[in-house]
Each structure stands twice: as structure tokens, then as C-alpha cells.
Amino acid sequence: MINNRGLAKIGILNIILIILVIVFAALAGIFAYNYYTITPPAAITVTIPKTIPYTIPYTVTQTQYITPTITPTTPVTPLTTPPLITYPEIKIKIGLLFPLTGALAPLGTDQFYGTKIAIDIVNDLFGGVLGRYKIEYVVADAASDPTKAASEAERLITVEKVNIIVGTYASPLLLAASEVAERYKVVYYEVGAITDSATLRGFKYLLRNMPIGGDFGIVSCLFVHDVVAPMLGKKPEELRVAIIHEDGPYGTSVAKSNEETCKKLGLNIVLKEAYSATTTDLSGLIIKLKAASPDVLLHTGYFSDVVLFFRQAQELGFKVKVIIGHGAGYGLPATYQALGKAFDYVFNIDPPSPWLNVNAIKDPVMRQIREEFIKRFNATRGYLPGTHAYMGLHILPLLLDILPRAITKYGSISSDAIMAAAWETDIPEGGTEHGYGVKFASPTNPQDTILGQKYREKPQLHIGQNIRAYPVVLQWIGGRVIVVYPDYLALQKPIIPLPPGHPLAPSS
Amino acid sequence: MTQLLKRINLDHITPLILLGGLSILPWIYYHDYVVHLIILSLMYAVISITWTLLGLTGAASLGHSAYFGLGAYFTIFSLKYWGLVSYLAIPIAILVSSAVAIMIGYITFRFGIAGIYFALTTIAFAEILRELFIYYREFTGGSLGVFVSPISSIGYFFYDSKIPYYYTLIILLLILYIYLMFSRQASKFLKILSAIGEDISTAASIGINILKYRLYAFLWGAIFTSLMGWFYVHYLRYVTPDVGFGLGLSVYVALLSIVANLRLPYILIASLILTPVGEVLRAVVGYQFAGLDVLVYGLLLMILVVVRALRKR
Amino acid sequence: MEIYLFLQALLNGLLLGGLFIVLTIGLNLITGVLKIINFGHGDLIMLAMYITYWLYVYTAYSPLVMMPTTAIIMGFVGLIIYMLLIKPILRASDIEQLLGTLGLGVFLQGLAQVLWKSDYRLAKIYAGSIVIGNIYISIIQLIVFVISLVASILLYIYLMRTVKGVIIRATAQDPDMSSLLGVNIRNVHLIVFFLSFLFIGLTGALLLSMFPAYPTTGIEYGILAWLIMVIGGLGSVLGSFIGGILIGVVYSIFATYYSVELARALIFVAFILTIALRPTGLLGASARV
């Protein structure tokens, strides 16, 4: 191979290089540590205004979940005429389509595992749908590319012959794959993607049990207007709000609704900027932010850019009173692990995490499922589930409500039967692990989400969207992302502003 | 008889036979997924074949996806915002991508940018287009992209079944191949392109207008690629800046061409083998080993290049 | 206030330039000096980041301290890659080298995905800065900048002033003549590869103290490295130094005063302008190194 002289030359030269580098690294290492100590805030008496902005017009009653015994129903024009007394021969096969590789994989994988564990729980604890139909599932990788997602949907439908496709975490993948499913008239059940447009296309076989991006923006602005402003002792018009977001579909849709709603509520938007999620430098943006000196920062980003932002924000001396993130990187346990104390007391708008007021879940069976889920997820992944994983539980209404009704009332799990059953789903507040109820907007009555009906300028007419789903406000406290608002779901009161000692808090 | 057989060039016949076989296939055995895979393969084949025209002259464009994206996006604009029929969107898509191709081609060829620099320039253009389409999100939908709702009416190319798409591509490829393989004009064209590729100075010295032929070849590529963009929109009805302007497509069509040794008849075969294999590999792997298909793809690329180089020795 | 904003932006640009330079050095040695097209550079950096990560997990030493170790490991990886992949394709066309090294990059992405899944891997984050008046200087980026400076200087001296360096440059310029004169081409290549991969290892360790490692993170780094290298001039250490600083400053100022999003596109525009107007880059063929 290499002759001796060559080897010697490589050796000597590079040993010198290495020594130089070691010396320098040692010197560098000495300077490069930084510890933060945050003194936990003394007991803050928090007064939240009496009027909760979004009143849910349902009284929380006993749920209507179908428990694993069958009761004959009075026939109300079902597809097949006589009510069921015998169980039909049915095989339930679900296709799970998530980005398991590629740029979206780090966040999509959590959601995939959440959904998978949810199905496993139904199979193990309940014995399957209605206690007798075990759910078989097939996993497909959407590979973070819409064309591949569409191909996988094709494969799931034509080769694996699944009855339902469940997915997809990312909006482009949802749009591409659901297009294919709609063509084959196969039910597509979305648990994690938020783009409003998905359920505005008039698809008849698409269901989404997940709040929409437009509502994320509404909730955070409502929170700022109704809770943050009074707690900071300012009138909403006096608050300075900055909006930054990654320029992908997720960030853009949330930021847009942020802007609309905040303007409508009279908040003062001092900056709105986008950046590329894969950027290596945000210092320009941060300097701009410093110049705009906002009180509240609304941020939507993935993991690397959020970490980068927080690091450079600390380095450049950016101070702000309240930071509100909107899902993705802000709901990820890994972000907290990476940033540690710098991420404490940061808010996140997302569907509820496992850390909510369990009493808001009225059905004890549901509470049991939640605990089982936390246990299993921790065992599988090695850390406690965050918001993404918990979104996997969005699949439960499908397994515990829709499919049973399709089988018992309509006698089959054909796509039409499933959809007919879905239009009849009516789970009130407190009936799911997320606290919100389930009602899908049907083709005969397209409507906006409850939040949207109240706060959106122009109501959107959704079909297939769970109009009772809404995001809540969570806060990172003690390493977990906890629901702090609205009251009845909250585990504790929100802490506003960032307490002194926090690296981004103004007084430090 | 043997005289006749000698005159028939096997190379030129093979793709025709293949296409003939493909057109009969759905009648013998129809499976949606198989048809889908073949449609994808044929689509890539078309792009790759016209890419090769420019590739023969020694200028490898790695930004071909720019035309794909432009074709796709302008098709959607025509359908959604300008209310045009599908078939009227074709000239628009072609016009736009031709304009861009002429611009890029002229700048690069005129200034003698070739080889690796040319490839880099085309990549840069595609990236810039991608960023622009993300930035002007009010018009283009940003990184979420645009989808189009199918309209079933005479003027539109939307169908529930795959068959029309399938046969459209087959017919297109038949026309392409028959023209490129059998017409005198085309074979002269190809010979000149190869001559430029082999020895550019000699070609210039015998009076071949390098700029003109390169631009022609480039235009061919751009037009057919944007046509495939149009096709993609009608088939999958959704496009994003990453799908439209991403590096993956550009690299893949270049790969197909090189696998086929830049020989047009073999490109079809290459695509029909590699595209389904790639898809199936990803499906078969299972989530425990997700990513194995990417690994194999990379390995294949490396082995391919090494083997080619070793064989040339 | 205005002047502080500008100074800060300028400083940020400078430090960012350091990052750009450090990304480019390894690539410049292989592609600039040896003229071997390497499109897998970014993914090699990703590999270095992962190696540093696993070293960090098992030894709990910070990535900065791990720099030399990663560098040496990557150096040997470089030798292996040279023997297995690069050597056969030395005489192949540019496009084939491009595809071959791209294949390497894609292979590494798949490998990382299969072995280590897509979770984000992060080591310690250093978030400290030196404050002078109203100006904030990020410590970790300062370190990166200083390393880039030192590395560039050392490399420049090596390539320009030492006998070995002259031999390397001669081999790059005219391999046949050099081998006629008795230079062992393969050894020269091996040395350059080893050096280059040392720098890649260094870069990976540095990056891990700022960014997470995940399978597709190399794509962006590779693109940036290529852009800076071409703008600075292939093969020119001084060129990529100046180019890196220049692009960093322009990027930073544009991002601060106009738009962060379009700032990235600006780099591509600069790239195209370079190729169109001065293809050899800022300090390209005329001043070879």
C-alpha cells in the first residue's frame, strides 16, 4: 500500500497538526461552558380573567363510547335493513403511512409510534374492535416526499388492500396521499397534519381528527389577548408581538392565521419574518428582533431551527417576556433535552399532551388508556411522550366509535359504511384523551371548527374535519409540556412572564 | 432473409417491441399498482431520453427539474387561476420552460461554461427557482404547493382510471422513439450531437455551430420535461417546490441515462427496471430498517460508476 | 443605534464566514486541488458529526475536545474511501465522479438512517457570548472562526511553502508530468485525502457543538461548501477564505436589513454570477493557491 517514507511523512505532519488542534481545543473547551441557574419563581398569584374566551357549549356528561358489549340499536335507516344479531366476518386492515425517513422523519416517527401503540392497546386491552375484531396493520414509509407518499398509498390500497389509511403527520404528504385514496374511495384518517386546505377540497372519504393550522393561530392570539396582556399589565393594543416562522407549509399556515387573528384582536404586530428551516444562521433575524423589541414572540419551527434560534438568541442578548411556539419543534421532548433550562416556561400551542388535568377525561376507561399509553411509549422509545406521540391517540374514535358503529349498524366496513358511521359520531367534551369531543363535518352540512365559527373572519366550510378539536396552550415546566389553558384542562396555571434568571428574560 | 435481418438494427427495434408489449399488458394482467409503477417509469424515461440529447454534447444538466416544476406549476396556474382547458395549458408550460431554457442555455453556452460548471449552474438555477416559488407564496402556495381538483369534462385530462395516462405515455414514447431512431433528420442530429460531445474543437473547426445545436438539444429536454410536469399534475394533481424543483428528479434522470450508457434505446429498459425496483425496495424493507432503500440506491450508484470506469480501462 | 446594528451584522457575518470556510476546506483539497469531483462532502460531514456524537456518548467529553479524535478517525475513513471508490474513478468523466460521490453521500444517508434512525442527536450546546458594549460575540462561533483562520493559514503554508505542498500542487496541475518526474501519485492522493478528511472530521465535531446530527443534515452543508468553494476559486485556500468571509458578511447584512429567506437565494445568485463572469472564482486559476 503506502510505502514507508510516505507513511512517515503523513505521520509527522499530521501529528503536528493534531497536537496544535488538541492544544487549541483544550483552550477552547475551558471557555465554552455555560451554566444557567434559574431560581424558580416565588408563588405567583395568578388571576386569569373570568371569561374563558372559548366556551364550549356542551355540558360534560357521560360518554357514549361503545364498550365491548353489543347492544342492539333501533334501526334508523341503515344501509342494510335488519339490525345485527350475528357478527359478520370482517377483517380490519389499516395502513399506517408516516414519514419514517427523510427530512420529516424525526418528528413523524414519534407520531407513528404513538398511533401504532394506540392500535396495539385496542388489540390487547379490548381484544380489538368490538372486542372481537383484531386490527391488522401495515406500515408504509412516506419518505418525506409527496410522490413517494402517493405511491405508497397506491400500494397500500391495491396491493395490501387495506380498508383505511391512517397517517400522515406532514401536510404535503397528506395532500398527495389522500388524493390517491379519494380516487379509490378508500377512507383516509388523518391524525397529525394541520393544513386547513386538506378538508376544504370536498373529499368525501377523508376524516381528520386533529386541530387545523388556522386554529393554532387563533388560540395563540386569543391567549395573548386574554391572558398574557392582563398578566403583563398592558392593554392588548400596547403589546408588541413578533411572528417568526420556518418557511415550510407548517410554519407558513400557522403564521398566516397568527397574523390575521392578532390583527383582528387589535394586537400590534411589530415583525413578521420567515426563514428556511435548514438554515445555519439566524443572527440576522435575531438582530432584527432585538431592534423591534417585542414583548411576545410567536414562533413556528422544527427542531434544528428552534435549537439554533434559542442558542443564537442567548448569544446575541435577545430578551423577550413571553415565547409561544406552535407545535413541531416546540412539542418535542428532544428540544427540551437539547436546550435545558433555556426552554423552561416556553409556551406551546398544540393538541393536549398527556400532561393535562385527567379529571377532564370523563370516562375512566379513557383514563386507563392514557396511562397505558404513557407506559408503553416510554418502554418503546425510552422517553415520555410529547404532543406528537399523543396525537397517535387521535385514532381511537375510529377504533372505538366509528368502526363499531359501521359494523353493528351498517353491517360492514366498506368505505361508505365507515363514512356513514363517521357522520354520526357525536362524542362530547371530555370523551377523548385529549379532552375535546369528536364530531365530523359532514358533506350535507359543511362547517367550520367551533373555534373558527367564533373567531374566523371568513368561515371555512370543512368536510371531514373534527370541528370539536382545538389546540390548547401548554407550557414547559419541569421538563414536561403541561396544559395550562383552558382552565378545565389545565394541570396548573400559566407562568407569565419568563422569570428572572431565564436566559431570555428581560431583567437578566 | 438474412439481408433483411442485418438491416434491422436490434437496438432500434427493442424499445418498440417493449412498448408494444406494454400496451398489451393491461389486457392480459391488470393491477393498479403495477400500472402505476410503469407510468412513473415511462414518465422518467421520457425526461431521461430528452435529457440525453444534451448529455451527448457533453453538457450534463442537473437542474432539469426546473422545467418539470415550471411545467407543473404553470399548468396548475392555467387550470386554477386562468380558467384554461388542460390542453391549452400545454403551450403555456412549453413556452415558459422554453424561454427559461433559452435564457440559461444562451448564457452558459455562449460563455463556454461546460462540464462540471454547467452542471453546477443548472443546479443553482433550479435552487433559485425553488426558493422563489417558496417565497412568493401568495401566488404559488409556498412550500405547501398547489393541488388541483379534477374536473371531468372533455377539455380536461383528468380521469379516474389510469388507462388514459398509461397509453398517453406509451404513445408519446412510441412517437419519440420512432422519430429519434428512424428518421434521417433525427439521426443526423444525433450524430452531430455525439460529435460535439466527443471532440468539441474538431466539431467546431468543421463548421458545426455548437451553440445552435446545444440550444436545440437543451430545448428538446426542456420542452418534454415540462410536458411531463403537465402530465404529473394531471396524474397526481399536486406539486410542491421540492417535488417540482428538487435535486432528486434531476439526479435520477441523469442516472438513468448514464446507466444506459447514453444510448437512447436502453434508457427505457433502465427506467422500467430501476424505478419499480426502487419503489418495491422501499416498500419491502419495513419500518425497522427504514432507509435501507436509500442505502442500496447509493451503493448502486457507486458500484455503477466504479464498474463503468473499470470496464473502460 | 443604527451603527451598532450594522456593526453587529458585520460581526455576525464575519463569524458566519468562519463557519462557511470550515465547511469548505475539506472539499477544496479534494475537488479544488486534486480536481476530483466530490458531491458527497456534506454527507461525510454528517458522518463526522455522528462519529463525534457517539464519542461524546461514550466518553462524555464535549465535541470540541473530541475534534482531534474525530479528525483522525475520519482521516482513515478517507483513506478507505479513496482506495475503494475514488481510485477506480480517477480518470472517469466529471459527471461520473459526481454521480459516484453522490452515491457515496446517499449511501451514508441511508446508513445513518438504518443504523441510528432519524432521531435528532445533539451533544452539549454552548450558548455563551462575550459582550463588548452593545456588541455580542458568540463564543462558539468565535472558536469556529479562529479555527478556520488557523486551519487556512496552516494549509496555505503547507501548500505554498513546503516541498510536499509544491509536489501536491504539481501533481494536481499535471499528473502525467509529475509521475514522469518520479512522484508517486497515489501517495500524494492519499496524503491529500487524509488531510482533507482530517478537516472534515474537525468540521463535524465543531458543527455538533452547534447543530444536531440527523441523516439528512449533510445536504445543506454540502451545497454551502460547493457554493463557497466555487465562488472563492477551486483549489485556492486564500480564495475560499476570502470567499467565505465575503459571502458570510453579505448574507448577514442582507438578512438583517432585508430578508432572511431570500438571503440564501442570494448565495446562489452570487454563485451563478461567479460562474458567468469569473468562472475561476475570486482567486482561481490565476493565483493557483
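Select Asp120(A) and Lys116(A): their side chains meet in a salt bridge, 3.2 Å from N to O. A salt bridge here is a side-chain nitrogen of Lys or Arg within 4 Å of a carboxyl oxygen of Asp or Glu. This is a predicted model, where local features need pLDDT of at least 70, side-chain atom pairs count only at pLDDT 80 or more, and totals for chains, interfaces and linings use all residues. Residues are numbered from 1 along each chain as its sequence is written, chains are lettered from A and ligands numbered from 1 in the order written, and side-chain values use heavy atoms, without hydrogens and water.

Now show helix α2 (residues 105–126) of chain A. Asp120(A) and Lys116(A) both lie in it, four residues apart, about one turn of the helix. Helices (H or I, at least four residues) and strands (E, at least two) are DSSP runs, numbered from the N terminus. An α-helix has 3.6 residues a turn, so residues three or four places apart point the same way.

Are these two buried or exposed? Asp120(A) is buried at 18% relative accessibility, and Lys116(A) is buried at 14%. Buried means under 20% relative accessible area, exposed over 50%, partly exposed in between (1.4 Å probe, protein chains only).

Next, select Arg456(A) and Asp215(A). They form a salt bridge, with the closest N and O atoms 2.9 Å apart. Arg456(A) sits in the loop between α14 (450–455) and β11 (472–477) of chain A, and Asp215(A) in helix α5 (residues 213–232) of chain A, 241 residues apart. Both Arg456(A) and Asp215(A) are buried.

Move to helix α7 (residues 283–292) of chain A. Eight of its ten residues are buried, including Leu285(A), Ile286(A) and Ile287(A). Ser293(A) follows α7(A), and its phi is positive, near 30°.

Close by in the sequence, pick Asp295(A). Its side chain meets that of Lys321(A) in a salt bridge (2.9 Å, N to O). Asp295(A) lies in the loop between α7 and β8 (296–300) of chain A and Lys321(A) in the loop between α8 (303–315) and β9 (322–325) of chain A, so the pair ties together parts 26 residues apart in sequence. Asp295(A) is buried at 5%, whereas Lys321(A) is partly exposed at 25%.

Finally, show chain C. The contact (heavy atoms within 4.5 Å) takes 61 residues from chain C and 57 residues from chain A. How many salt bridges cross this interface? The rule finds one. Select Asp119(C) and Arg381(A) to see a salt bridge with its closest N and O atoms 3.2 Å apart.
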